[in-house]
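Hi there,

Here is the structure I promised to pass on to you. Have a look at it first, and then read on for what I found.

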Amino acid sequence: MMESLIAAASSYAGQIDQVTHVVAILGGFWLLLAEAALFYFVFKYRRSRNPKAEYITGETKQQMKWIHWPHNLVLLCDIVILVFAVRAWYHVKQEMPPIDEEVRVVGHQWAWEFVHSGPDGKLGTDDDVSVVDELHLIVNKTYKFKLEAADVLHSFSIPAFRFKQDAVPGRQISGWFKPTKTGQYDVPCSQMCGIGHGIMGGQVYVHTPEEYRQWLDSKVPKSASLPVKGVDRIAMNQGGM
Ligand SMILES: [Cu+2]
C-alpha cells in the first residue's frame, strides 16, 4: 500500500510500513464503524419521527456496556499496535548491526553536509569527501551515521528509507540504515529550523559499487585515489571484484 505512494528503499522500510498498515487498518475499522453508527442513529432518530429527545444518563448496566465493550476492544487494538511498533523501534533505533561504512552528517542553516569516508574507507582522515546536499551510498551496504547540528535543531529524514532522526546542537547521534534499492531519493529537513527550512533539501544517491567508484574518482584527485582500499574492500564484499 505505502510502496505505491513512495519507494521503499531500505532494509527496514517494509517493517515500518507494516506498522503504518496495522494502524491504518485498526484505526480505519473503528472510524468507519463509528461513522456508520453515527449516520444510522442520525437518520433513525431524526426530528420528524422523534420530536422529543430522550435524556439518557448512561448509568444503568445495560447502557454502560455500550461504553465498556468498545473501550476494551480499542484498548486491545492499542496493545496490538504497541507490539508491532516496539518491535520496529527496537530494530531500527536500539540495535546496531555489523557496519560496512560510516558517514558523518551535519545539519546547517540551511543545507546538509555529508562527509564520506573516501578511498581509505575511514572517517576523520585527510581523504574524506565532504559534499553539500548530496549523500552517496552503495546499495546493500550497512551504514552507521554520525549526526550533528552546527547551529539549531534539524531533522535528518529519508522518507524512502522510512528513516528520521533529529539532529541536536552539541550532540553526536549515531544510528544506521541499509539502502536496498539503487536510485535517487529526497533528504528533506523535517524539523522547523528557520526561514530557509523549506528549501533545505538534499538528495541521497544509492549506487552500485561501480557507480560509486566512478563518483568517488571524480571527487578525489587521481594521485590520492591510489590505492583505493576503501572502494576495493566494498567491491570485494559485494562480490564485484
Ligand atoms: Cu529544517
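Let me begin with a residue pair you can find quickly: Asp 186 has Gln 203 of strand 10 as its bridge partner. Please keep in mind that this is a predicted model.

That pair belongs to a wider pattern. Strand 10 covers residues 201-207, and its pairing with strand 9 is antiparallel, with six bridges. Both strands are part of an open sheet of three, in the order 4-10-9, with mixed pairing. At the edges sit strand 4 (134-138) and strand 9 (183-188), each of which pairs on one side only. On average, neighbouring strands in this sheet are turned by 25 degrees against each other, if direction is ignored. Helix 3 (residues 209-219) lies across strand 4 and strand 10, and its angle to strand 4 is about 140 degrees.

- Pairing: strand 6 and strand 7 are antiparallel, joined over five bridges.
- A bridge to look at: Ser 155 is partnered by Asp 166 in strand 7.
- The turn: four residues lie between the strands, and Arg 162 has a positive phi near 55 degrees.
- Burial: strand 6 is mostly covered, with four of its five residues buried.

Helix 1 (residues 13-44) has 32 residues and spans 45 Å from its first C-alpha to its last, close to the expected 46 Å. Is helix 1 largely in the open or largely buried? The number of buried residues is two out of 32, so helix 1 lies largely in the open.

Finally, the overall layout. The domain assignment divides the chain into domain 1 (8-94) and domain 2 (101-238). Taken over C-alpha atoms, the centres of domain 1 and domain 2 are 41 Å apart. Eight residues from domain 1 and 13 residues from domain 2 take part in the contact. On the side of domain 1 that touches domain 2, helix 1 gives the most, with three residues. By type, the residues on that side of domain 1 are four nonpolar, two polar and two charged.

Happy to talk any of this through once you have had a look.

Best wishes

Note on methods: Residues are numbered from 1 along each chain as its sequence is written. This is a predicted model: local features need pLDDT of at least 70, side-chain atom pairs count only at pLDDT 80 or more; totals for chains, interfaces and linings use all residues. The expected span of a helix is 1.5 Å times one less than its number of residues. A residue is buried if 20 or more other C-beta atoms lie within 10 Å of its own, exposed if 12 or fewer, and partly exposed in between; C-beta atoms are placed from the backbone. Two strands pair if DSSP finds at least two bridges between them. Axes are lines fitted to C-alpha atoms, for helices over the stretch in contact, and angles run from 0 to 180 degrees between N-to-C directions. Two residues are in contact if their C-beta atoms, placed from the backbone, lie within 7 Å. Domain bounds come from an automatic or database domain assignment. Ala, Val, Leu, Ile, Met, Phe, Trp, Tyr, Cys and Pro count as nonpolar, Asp, Glu, Lys and Arg as charged, and the others, Gly among them, as polar.
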